[in-house]
Amino acid sequence: MFDANVPVHGVITINGFELWITNTVVMGWVISAILIIFALIVRFKLKNFKERPTGFQNAVEMMVDAFEGFMKANGNPAIAWMGGWFFTLFTFILLANITGIFPGMRPPTADWPLPLALALTTFFFIQFSGIRYRGWKYVKGTYLNPHWLFLPVNLLGELSRPISLSFRMFGNILGGLILVTLMYQLTPFFARFVLPIPLHLIFDIAFGALQAFIFTVLSLTFVGLAAAES
Amino acid sequence: MQHPLAFVLAIAHIAAVIALLNGILTTMGQAKIAAAAIESIARQPEARGPIATNMFVGLAMAETSGIYGFVIAILILFARPLIGPFVDYLMIMPGM
């Protein structure tokens with residue numbers, strides 16, 4: 001049977017406040033460590049980069065070039081300096097979604113708190129860029145739109161954005177996880193290494209990459225719209 | 001007589017199925033988006049890249065309501081919000 005509970009590896013108690021080290025937290029640390037180590041490798045190899053790229057340098061430049069073109073095509077030019085954050089968001093979500101291809105591993109995005117945390121960062125970026133680029137006009141145009149009496153309604157509409165962003169990715173990844181797990185239960189033992197492979201390809205790699213892309217594009221669009229002079 | 005909790009579980013499964021029924025309309029909306037995108041690509045093949053990007057974003061937006069239904073079904077099946085109040089009710093009822 002599919003187990004809906006996220007495995008808990010340990011509990012740390014600080015002053016009576018319980019901190020649960022769940023599978024999601026551990027996977028998040030592992031993915032962050034992978035990304036940080038990759039970034040350090042790139043940083044140390046940056047000195048040896050040449051005018052004509054070869055091998056490793058080619059791959060790194062291709063990634064950065066692709067994402068810069070993506071930022072130019074989809075984003076407001078005023079927020080181009082936030083590109084690093086969005087690239088980090090994209091790679092983190094992509095790696096997190098793809099961990100589901102290993103049988104027995106649970107993608108950390110199939111647990112609601114992680115997508116919610118990522119979507120809340122997007123929410124704060126929206127407010128930050130709106131207030132930085134448009135100031136009082138942004139607050140007036142978003143929260144006090146026809147009249148200050150509409151403040152609660154506007155606040156609700158603004159808060160529903162991170163919720164819908166996070167639920168979208170959570171539902172997609174959890175649905176894929178449940179389907180793949182049930183498929184493992186259905187197949188007989190000798191076919192267990194062959195039959196679920198197409199499902200892994202669709203639900204973990206294709207949908208995972210699509211969800212990472214959509215999360216990044218929607219965050220970029222929201223932040224760009226908040227910063228746009230209207 | 002069967003155990004009263006069995007009735008609650010059966011109702012919960014039916015409720016989950018009803019929550020999943022909104023997939024019908026979600027799928028029809030997504031099919032409309034995809035059809036419109038293919039039409040515009042056929043009319044203007046050089047604009048394929050931006051149209052595909054916008055189509056995926058639109059598909060994700062249309063998918064949201066379906067995902068909400070799915071999340072509600074998962075909550076009803078695995079988090080079981082109906083069981084707790086029912087058990088409390090059984091506790092205070094005499095003769096159960």
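Modeller: α1(A) and α3(A) are oblique to each other, where oblique is what remains once angles under 35 degrees count as roughly parallel, over 145 as roughly antiparallel and 65 to 115 as roughly perpendicular. Helices here are DSSP runs of H or I with at least four residues, strands are E runs of at least two, and both are numbered from the N terminus. This is a predicted model, where local features need pLDDT of at least 70, side-chain atom pairs count only at pLDDT 80 or more, and totals for chains, interfaces and linings use all residues. Residues are numbered from 1 along each chain as its sequence is written, with chains lettered from A and ligands numbered from 1 in the order in which they are written.

Biologist: At what angle do α1 and α3 of chain A pack, and how far apart are their axes?

Modeller: The angle is about 125°, and the axes of α1 (residues 23-45) and α3 (residues 83-98) of chain A are 10 Å apart. Axes are lines fitted to C-alpha atoms, for helices over the stretch in contact, and angles run from 0 to 180 degrees between N-to-C directions.

Biologist: Which residues make that contact?

Modeller: From α1(A), Met27(A), Ile31(A), Ile34(A) and Leu35(A). From α3(A), Thr91(A), Phe92(A), Leu95(A) and Ala96(A). Contact means C-beta atoms, placed from the backbone, within 7 Å. Ala, Val, Leu, Ile, Met, Phe, Trp, Tyr, Cys and Pro count as nonpolar, Asp, Glu, Lys and Arg as charged, and the others, Gly among them, as polar.

Biologist: What about α6 and α7 of chain A, how are they oriented to each other?

Modeller: They pack at an angle of about 175°, with axes 10 Å apart. α6(A) and α7(A) are therefore roughly antiparallel to each other. Among the residues that meet are Leu165(A), Met169(A) and Ile173(A) in α6(A), and Phe203(A), Phe207(A) and Phe215(A) in α7(A). By class that contact has 14 nonpolar, five polar and two charged residues.

Biologist: And how far is the α4(A) axis from the α6(A) axis?

Modeller: 8 Å, at an angle of about 145°, with α4 of chain A covering residues 113-134. Contact residues include Leu116(A), Ala119(A) and Phe123(A) of α4(A), plus Pro162(A), Leu165(A) and Phe170(A) of α6(A). They divide into nine nonpolar, two polar and one charged.

Biologist: Switching to strands. How do β1 and β2 of chain A run?

Modeller: Antiparallel, with six bridges joining β1 (residues 8-14) to β2 (residues 17-22) in chain A. Strands pair if DSSP finds at least two bridges between them. Thr13(A) stands opposite Glu18(A) in β2(A). The hairpin has two residues between the strands, and Asn15(A) takes a positive phi near 55° there.

Biologist: Now chain B. How many helices and strands?

Modeller: Four helices and zero strands. Its C-alpha trace spans about 75 × 20 × 10 Å along the principal axes. The radius of gyration of chain B is 22 Å, whereas a compact globule of 96 residues would be near 12 Å. That radius is taken over C-alpha atoms, and the globule rule is 2.2 Å times the number of residues to the power 0.38.

Biologist: How many residues of chain A are in contact with chain B?

Modeller: 13 residues of chain A, with eleven residues of chain B. α6 (151-186) and α7 (196-227) of chain A each supply at least two residues to that side of chain A. The largest share, seven residues, comes from α6(A). By class, that side of chain A has eight nonpolar, four polar and one charged residues.

Terms used: Two residues are in contact if their C-beta atoms, placed from the backbone, lie within 7 Å.
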